[in-house]
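Subject: Structure for your files

Hello,

Please have a look at it first; my notes follow below.

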Amino acid sequence: MQGEYHGFSAQLSNVAKNQMHIRCYTHVLCLVIGDVTNKILQSINLFGILNGCAVFIKESHKRIDFQNPKYPELTTFALRLITFDLFTLKHLNKLPMCEVGFEFLGAVDCVQCFNYGLILHEWEIKDDPWKEHAYHSPVCSFVQLKKATNS
Ligand SMILES: [Zn+2]
């Protein structure tokens, strides 16, 4: 790369005569894209949104801060929902069960928290999955996180 992005190597040579500068073309590409896109409003908006998405994803572990879940493969709602494919009890809604962190264990109405491994069964129609989860496993960080985000 020649031109305005060539200056860094020249400055390094002034400071350290024996330096060997290896160009990072990814960085150069970022500089060029930054210069080009800073001049068009639509591209400024697009890259602003992309940057916002990147920050959102990068920081997501802070919003979902589970400490060593017992079943890390079931941390997402969608994966827990798959375990309910064979769930046949009509008086229980599987969606709230998944939402509160439970997976179906495959027998009758046995469910298990992916985070701490709490197993619950013998559900009654009046039972609220969140209340039962919080009551039987108040130290579960998934329960604590949900309480913090709802309050
Ligand atoms: Zn739990």
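**Notes on the model**

Val108 lies in the loop that links β1 and β2; helices (DSSP runs of H or I, at least four residues) and strands (runs of E, at least two) are numbered from the N terminus. This is a predicted model, in which local features need pLDDT of at least 70, side-chain atom pairs count only at pLDDT 80 or more, and totals for chains, interfaces and linings use all residues. Residues are numbered from 1 along each chain as its sequence is written.

Val108 counts as exposed, with 12 C-beta neighbours inside 10 Å. For burial, the count is of other C-beta atoms within 10 Å of a residue's own, with C-beta atoms placed from the backbone: 20 or more is buried, 12 or fewer is exposed, and anything in between is partly exposed. The C-alpha atom of Val108 is 8.1 Å from that of Thr88, and the two residues are 20 apart along the chain.

**Overall make-up**

The protein has eight helices and three strands. Their order from the N terminus is α-α-α-α-α-α-β-β-β-α-α. Of the 151 residues, 16% are buried. Two residues are in contact if their C-beta atoms, placed from the backbone, lie within 7 Å. Among contacts between residues at least 6 apart in sequence, 35% join residues at least 24 apart.

**Sheet**

The three strands form an open sheet in the order β1-β2-β3, with antiparallel pairing. Its edge strands are β1 (102-104) and β3 (119-120), each of which pairs on one side only. Two strands are taken to pair if DSSP finds at least two bridges between them. Strand β2 (residues 111-113) pairs with β3 in the antiparallel sense over two bridges, and Val111 stands opposite Leu120 in β3.

**Core**

A nonpolar core is a set of buried Ala, Val, Leu, Ile, Met, Phe, Trp, Tyr and Cys residues joined through C-beta atoms within 7 Å. The largest one here has 15 residues, and those with the most contacts inside it are Met97, Phe102, Val111, Cys113, Leu118 and Cys140. Two or more residues of this core come from each of α6 (94-99), β1, β2 and α8 (141-150). Leaving out residues up to four places away in sequence, Phe102 touches Arg80, Met97, Val111, Gln112, Cys113 and Pro129.

How far apart are the end C-alpha atoms of helix α3? They are 25 Å apart, which agrees with the 26 Å that its 18 residues (41-58) should span at 1.5 Å a residue; the expected span is 1.5 Å times one less than the number of residues. Of those 18 residues, the number buried is zero, so α3 lies largely in the open.

Phe77 is in helix α5 (residues 77-83). With 12 C-beta neighbours inside 10 Å, Phe77 counts as exposed. Apart from neighbours within four places in sequence, Phe77 is in contact with Cys98 and Glu99. The C-alpha atoms of Phe77 and Pro96, 19 residues apart along the chain, are separated by 10.0 Å.

**Loop between β3 and α7**

Glu122 is in the loop between β3 and α7. Glu122 also has a positive phi, of about 55 degrees, and is not a glycine. Glu122 counts as exposed, with 8 C-beta neighbours inside 10 Å.

Glu124 is found in the loop between β3 and α7 (129-136). Glu124 is exposed, with 9 other C-beta atoms within 10 Å. The C-alpha atoms of Glu124 and Asp109 are separated by 10.0 Å, with the two residues 15 apart along the chain.

Regards
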